[in-house]
Protein chains: 2
Amino acid sequence: MSQPCIRNLKKNIGEEVSLSGWGWNIRGSGKVQFLQFRDGTGFVQVVAGASDISSEEFDLLRSLGQESSVKIKGKVVENAKSPIGVEIVASKIELISNTKNYPISPKEHGTDFLMDNRHLWIRSPRQQAILRIRHNITKSIRNYFDELDFTLIDAPIFTPNECEGSSTLFSTDYFGENAFLSQSGQLYMEAACAAFGKAYCFGPTFRAENSNTRRHLTEFWMVEPEVAYMDLEGDMELAEGLILRIVRDVLKTCPNELAIIERSLEPLQIVAEAKSFPRISYSDAVQILKNAGENFEWGDDFGGAHETIICSQFKLPVIVHNYPSSIKPFYMKQASVQSGEPQTVKNMDILAPEGYGEIIGGGERESDLEILKNAMAKQKLNEKDYEWYLDLRRYGSIPHAGFGLGLERAVSWICGLSHVRETGAFPRLPKRLRP
Amino acid sequence: MSQPCIRNLKKNIGEEVSLSGWGWNIRGSGKVQFLQFRDGTGFVQVVAGASDISSEEFDLLRSLGQESSVKIKGKVVENAKSPIGVEIVASKIELISNTKNYPISPKEHGTDFLMDNRHLWIRSPRQQAILRIRHNITKSIRNYFDELDFTLIDAPIFTPNECEGSSTLFSTDYFGENAFLSQSGQLYMEAACAAFGKAYCFGPTFRAENSNTRRHLTEFWMVEPEVAYMDLEGDMELAEGLILRIVRDVLKTCPNELAIIERSLEPLQIVAEAKSFPRISYSDAVQILKNAGENFEWGDDFGGAHETIICSQFKLPVIVHNYPSSIKPFYMKQASVQSGEPQTVKNMDILAPEGYGEIIGGGERESDLEILKNAMAKQKLNEKDYEWYLDLRRYGSIPHAGFGLGLERAVSWICGLSHVRETGAFPRLPKRLRP
């Protein structure tokens, strides 16, 4: 007897199988019971006739509470009406643990209640589908960079207190000294690309921002590639390739999951078929806002609402480049500008379509020691705290570029979610540290 | 003209190529210069005859400082003496940035100096080889679980203050509340395996332990699988399979890197050829210590020195199981014992050979609600803080098991390192938060 899983049960048509899992829902009559059964890989209907199993087993089934753990033996038979094409005709039912009063019944529940019961909510079909898509997106990202011969360099989480002056940092006592939790591995990846040519990190990052919006988590995963001898043009192409890879892979590997969450496929297919994405300058984006009647001045930074307006003009992700240097960090490479024009930097953000906004931010880094020192002085940063980072310009300085993609925002867009809280199993928000 | 990388340069024999990178070392005469050149993927010798390039280029080469960034054009020719089988006959040299007084010269440096300059030290051949092996081990681990149909569920880093009472936790202010940095994703993976059947997490974990040993980091990556309906025997097999996969993959994918760090291959080959690993009980291990003349009593916990003695008896990783429950956490499954025998748990640790000691710890988890509550009371834990975890025993409780493998300890063993500080690009130790 083989021991298959529900996801691949079509391979076992005609076979007698044994499955361990949980009862999800039971209905039926005195003659036949229909059990919705899950094993963690999928859901299947188990049909149990009163004459096929013992009367004790039949009674057990009739009184089975949702999420009771059970083992099932039975024959896999074709069923065209089943979403997975098969059902199981039971020959044996074994109870492992009976569950009564499972909190998440099929009726509607409020979001707070579901979030409080996140450890159980992740058993529901929709949450399972989203988390499987997240897993597949993670795989696509790693495969993309590995196949391009990048070296994975895990960035540290603990960074010294001097490194950034921002108020959005979580801090901890580190053996008598203050340490901050990393907001980005970029500075470390700049060192890594000078060693390995092409490097990336992919791990959790942290923002102590008290933003209660549909786009903000306090803890989120970010992938950050950095490449020596790459310019802004190459950076855009690398980012474009990553998004194309993610969208194409997910359409191929997760059709069932996308169907379960009822994701409209057309917007994703349009992206998958693209060869490249539209590119507009920051100034073009400002014009879009003005045309839309927004009160927005050149030099202001985009908020979430502005991003939504800009990206709604396009069916593809849109690359916005050359922002004013005044609103960007010191390490951005200064663009050459005509006299009289305001100073911009060689950066780019990518805004996802369907109103999702920024999922990627990056650009070329300043490689000239003196220009970098001046930019640091302007932003009132203490040069001494960045000595190791400045070393990268003293010893073998190179043109280089990179970007960061936020995993949860990408998952949110790909899944078409209304809030980023469903993109992870145990999301962390300003008001949510449990379970 | 193709744009290849040094690692695969053998494919380009006879071709004219263009490479961007850094000069590592220069020597020669007035007629010919030999430049050791690196591009991040490897090292190659560039031969530049005085008549092959301009006199300006030749003079530039002669005065080139270590780690100057340069672009090279030239022809790839076979050279049996080269470690990569080829060298380059230069036709053009272009300076990007000249470097003077690179701090890490070919002479010997002290460890503190090298660690202070870790951002530059990672450019050295030995450090590059170790970090490439780490990348490949990470890949092997992810492939192993993905191919076994596990779902990746990223565990949260922030956990509520009530969750563990230990003094080895880093804490941070979380919007007015205390949050701790996760030491393990296990409890969350137990919820995940009840949802997905087979789940794993793989991310950074934290220990605020002021241990200045060759085995301890304050921040390290851990992979933690957890499987529903799996017992201790299955857990051992899963862990065995993982170690075999890592060792076999690294021998196949990283022969050059292992050669660069002069790793003795025989001990790894012995492991790669094994079908399974020796299994001894905790009591057997105690006997080994007593036979070695150690003053060790049944019921004591093993320290690093004890582990070294035990694992030195074996050429393979050794699985030590059934420790006394008194020295193990509350969630471990109680083993059935004969009357009069002391209580043990269904756990296992795996000790790596060659003196490396523990790299894996895991076992079956207690699935009975009342036994679990009693164990929590004994260890003076507040039941209220674990309500969500206890829910996993209230709703669809199942036998289940899992383990954790510490990435850096595995890398340390595979690479044969004397200290865990070289296993990551930017290691964090009690006395090391920089660079």
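Tutor: Let us begin with the term contact, which denotes heavy atoms within 4.5 Å. In this predicted model, residues 24 or more positions apart account for 66% of the contacts in chain A with a separation of 6 or more.

Student: How many helices and strands does chain A have?

Tutor: Chain A has 13 helices and 16 strands. Its C-alpha atoms fill a box of roughly 90 × 55 × 40 Å along the principal axes.

Student: Is Gly85(A) buried or exposed?

Tutor: A residue counts as buried when its relative accessible area is under 20%. Gly85(A) is therefore buried, at 14% relative accessibility. Of the 435 residues of chain A, 60% are classed as buried.

Student: Where does Gly85(A) lie, and which residues does it touch beyond those up to four places away in sequence?

Tutor: Gly85(A) is placed in the loop between β4 (69–78) and β5 (86–97) of chain A. With those neighbours set aside, Gly85(A) touches Lys10(A), Val77(A), Glu78(A) and Asn79(A). Lys10(A) is 75 residues from Gly85(A) in sequence, yet their C-alpha atoms are 6.8 Å apart.

Student: Which residues have the most contacts inside the largest nonpolar core?

Tutor: That core has 102 residues, and those with the most contacts inside it include Trp413(A) and Trp413(B). Leaving aside neighbours within four places in sequence, Trp413(B) is in contact with residues including Ile243(B), Arg263(B), Pro317(B) and Tyr356(B).

Student: What lies 3.2 Å from a polar atom of the His109(B) side chain?

Tutor: The backbone nitrogen of Ser105(B) does. His109(B) itself belongs to the loop between β5 (86–97) and α2 (111–116) of chain B.

Definitions and conventions. Residues numbered from 1 in each chain as written. Chains lettered and ligands numbered in written order. Predicted model: local features only at pLDDT ≥ 70, side-chain atom pairs only at ≥ 80, totals over all residues. Heavy atoms only, no water. Core = buried A, V, L, I, M, F, W, Y, C linked by side-chain atoms within 4.5 Å. Buried < 20%, exposed > 50% of the residue type's maximum accessible area, 1.4 Å probe, protein only. Helix = DSSP H or I, 4+ residues; strand = E, 2+ residues; numbered from the N terminus. Polar contact = N/O pair within 3.5 Å; in protein donor to acceptor, adjacent residues only side chain to side chain.
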